[in-house]
Amino acid sequence: MEALKEDLQFEAPLLEDDDDNSISCRSERIIDINGVNNGTDSWRACIYILVTECFEELAYYGIQFNLVTFLKTVLQESNVTAARNYTNWQGTCYIAPLVGAIIADSYLGRYLTTAAFFTVYLVGMASMSISASFPTCTGPDCLPDGSSQSAVFFLGLYMMAIGAGGIKPCVSSFGADQFDDSSPAERLKKDSFFNWFFFAIYIGSFVAGTGVVWVQDHYGWVIGLWIPTLFIALAMASFLSGYRSYRMQKPLGSPIFRVLQVVVAATRKWNVGLPHDDSLLHELPENASMANGQKLYHTPVLRFLDKAAVISSAEELCDPDPWRLCTVTQVEELKVIIGMLPIWATGIVFFAVLAQFSSTFLEQGRTMDTQVGAFAIPAASLASFDAVSVLIWVPVYDRVLVPAARRLTGNERGLSEPQRFGAGLLLSVLVMVAAALVETRRLALVAGAGAHGEGEAAPMSILWQVPQYFLVGASVVFACVGQTEFFYNEAPAAMRSLCSALALLTVALGSYLSSLVVTAVSWLTTRGGAPGWIPDDLNEGHLDRFFWLLAALSALNLAVFVCCARRYKRKNAS
């Protein structure tokens, strides 16, 4: 029977529709808070998680949106220092998920890890709030002067970054853990959960960007920082309140060690031949493998790694050393991770495009007519259309598009994860096309009106930017949710938090890629004394060409994704 494994290893390309029989069943041991099997209602448990995520994101964005303003006005930092501190803090927020994920997968599990990092998060938020009541420091840069206010604030800021980072890879995966993949009805609920998870995120973001920021600007920083602190306390309370309803998955050991053991064992046996019969490779008995997560069947790729599972002597079986002999499942876990990397890399370009809505889109908006009737609309306010778009698209996708796609494709989830991710990448191309068309028209109106003075607005309403912001929100609903689903469903059971952290890492890498592209374009287009594509005065530049460049880069990224997705084979799990 073992020889039949090879008949099971060939699967449909990733972009093709799935049916019920092509979705692998989960076999992890699921327990409740007391360590026994739990059959609680999945949606009841997820309500606590969705409320938690909404409150947590409200607190997070309540700090992020106005952080630079606080650093400049309260701590009196220079523009350069404030920008550097903001960037360093953001980088910490997206490196910390790797730490939280390893702790969750290796030692504590997702529930205890989330609770522990929430504690760090709350202490950090409280420290920042307390620092706001200190006497305002003086001098161009408070931190080098040893201001106690700066010291307490930055201590709290980085505790918040560690807490938020540790939570991010665990909460979405923990919510998905509440559903049983062996049940078709539960699988559909899990797909819907990811939609409403992002809905909760953007409710928090929208409230923070409107209400919390307004309070900070009009009522001061003491109240303005205690409000996010209150909501992080409410988020923690909501999360802990549902502990009797949660299903827990036991940590399955360090994913880093599991990967390194395969690499070391395969390297040690580099000169050992592979058996003709793959069933001779080492694997634990069926019941033992199932007790420790999913059993993955052998696949005929990256054959060098299979040497880690070759039994070279009888002594290896008597006293197995995991650094010399690994199971087929352990080898396949590494193959799955390697196989996902090309698709993971396409997310970096996607987030480089999304980074424009908080940078070049704002610069474009400042050069347009911001007067709408009796109101002047700040360019930064249009970013709220991104959140509004997400809040519109999530229920439309979940309640309208999924049932329609299900009837057309026969796929229970409507669109598969890669199809959804690919649709989001296509929308990212349209985002840049829309921005380029608006900028082309704006420059034409500037030339016709003779508005060449620096800071002079073009005779074009800022509302023309609404479509590109609306498309950004639509691309998030398709690409970000699809990416989250893909990394959860395809990740080995022992590495789901780690894979979620890797998905979050694409956000940071996308921002770095965006900065690299802007720097390269600026250097190349300003040679010879030319103003360049992105000068300080956009009326003298060609921001439209930069947007067309990103549209072309996005189109190339989409083509690479389609190629990678067609070649990718889903994991074959018991």
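How many aromatic pairs does the count come to? By the rule used here, the count comes to 35 aromatic pairs, where rings of Phe, Tyr and Trp (its six-membered ring) pair if their centres lie within 6.5 Å; planes under 30 degrees apart count as stacked, over 60 as edge-to-face and the rest as tilted.

Before we look around, a word on the model. It is predicted, so local features need pLDDT of at least 70 and side-chain atom pairs count only at pLDDT 80 or more, while totals for chains, interfaces and linings use all residues. Residues are numbered from 1 along each chain as its sequence is written, and side-chain values use heavy atoms, with hydrogens and water left out.

Tyrosine 111 belongs to helix H4 (residues 79-131) and tyrosine 246 to the loop between helix H7 (221-241) and strand S2 (248-249), so the pair ties together parts 135 residues apart in sequence. Helices (H or I, at least four residues) and strands (E, at least two) are DSSP runs, numbered from the N terminus.

Phenylalanine 118 and phenylalanine 239 form another tilted pair, at 6.1 Å centre to centre and 45 degrees between the planes. Here phenylalanine 118 lies in helix H4 and phenylalanine 239 in helix H7, so parts 121 residues apart in sequence are tied together. These two phenylalanines are buried as well.

Elsewhere, one aromatic cluster is formed by Trp43, Phe179, Phe193, Phe194, Phe197, Phe198 and Tyr488.

Now follow helix H16 (residues 466-490). Within H16, glutamate 485 is buried, with a relative accessible area of 3%. Glutamate 485 touches Asp191, Phe194, Glu417 and Arg420, not counting residues up to four places away in sequence (contact means heavy atoms within 4.5 Å).

Finally, helix H2 is mostly covered, with 17 of its 23 residues buried.

Terms used
Buried means under 20% relative accessible area, exposed over 50%, partly exposed in between (1.4 Å probe, protein chains only).
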